[in-house]
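Open the model in your viewer and get ready to select residues. Let's take a short tour.

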Amino acid sequence: MKLTQKEIVMLQMMAQNCFSGSNYDEPEEFEDCGTLWSNQLDNCRLKPGMEFPPERSFGGIMASLVKKGLAVSDDWGGRDSTCALTEEGFQAWQEQVQKVDFTKEGLTT
């Protein structure tokens, strides 16, 4: 599945979030992930060379990941909204984030 750089970074933001089961570490299996507060997505660890997308674009990026089946998100909005990787999203993170060197030129968001 083709993903944009912003989508790839958002997968990373969910996988290594301080509120995930892995608490900033790289999750070894899907169960190590979990549900996150949407307003805490930037409380994460990015890979060297990755850049945060603009915060105003988080909703659109998340909507795209949900449409592709890689994430779920409730529609409450505000401080109580949540999001999570799906199993397919975790697999995409393993395949498209873990195996890429983001420090190479041209791989920024």
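Which residue just after α2 takes a positive phi? Select Gly 69: its phi is about 80°.

Before moving on, some ground rules. This is a predicted model, where local features need pLDDT of at least 70 and side-chain atom pairs count only at pLDDT 80 or more, while totals for chains, interfaces and linings use all residues. Residues are numbered from 1 along each chain as its sequence is written, and side-chain values use heavy atoms, with hydrogens and water left out.

Now select helix α2, residues 58-67. Helices (H or I, at least four residues) and strands (E, at least two) are DSSP runs, numbered from the N terminus. Colour Phe 58, Ile 61, Met 62 and Leu 65, the buried residues of α2. They sit on the same side of α2 because they cover an arc of only 100° around the axis. That arc is taken from the directions from the helix axis to the C-beta atoms. Buried means under 20% relative accessible area, exposed over 50%, and partly exposed in between (1.4 Å probe, protein chains only).

Turn to the face away from the buried side. Gly 59, Gly 60 and Lys 67 are exposed there.

Next, show α1 (5-15), β2 (71-73) and β3 (82-85). The buried residues of α2 pack against these elements, with contact meaning heavy atoms within 4.5 Å.

Last stop: Phe 30 and Phe 90. Their rings form an edge-to-face aromatic pair, 6.4 Å centre to centre with 65° between the planes. Rings of Phe, Tyr and Trp (its six-membered ring) pair if their centres lie within 6.5 Å; planes under 30 degrees apart count as stacked, over 60 as edge-to-face and the rest as tilted. Phe 30 is partly exposed at 26%, whereas Phe 90 is buried at 5%.
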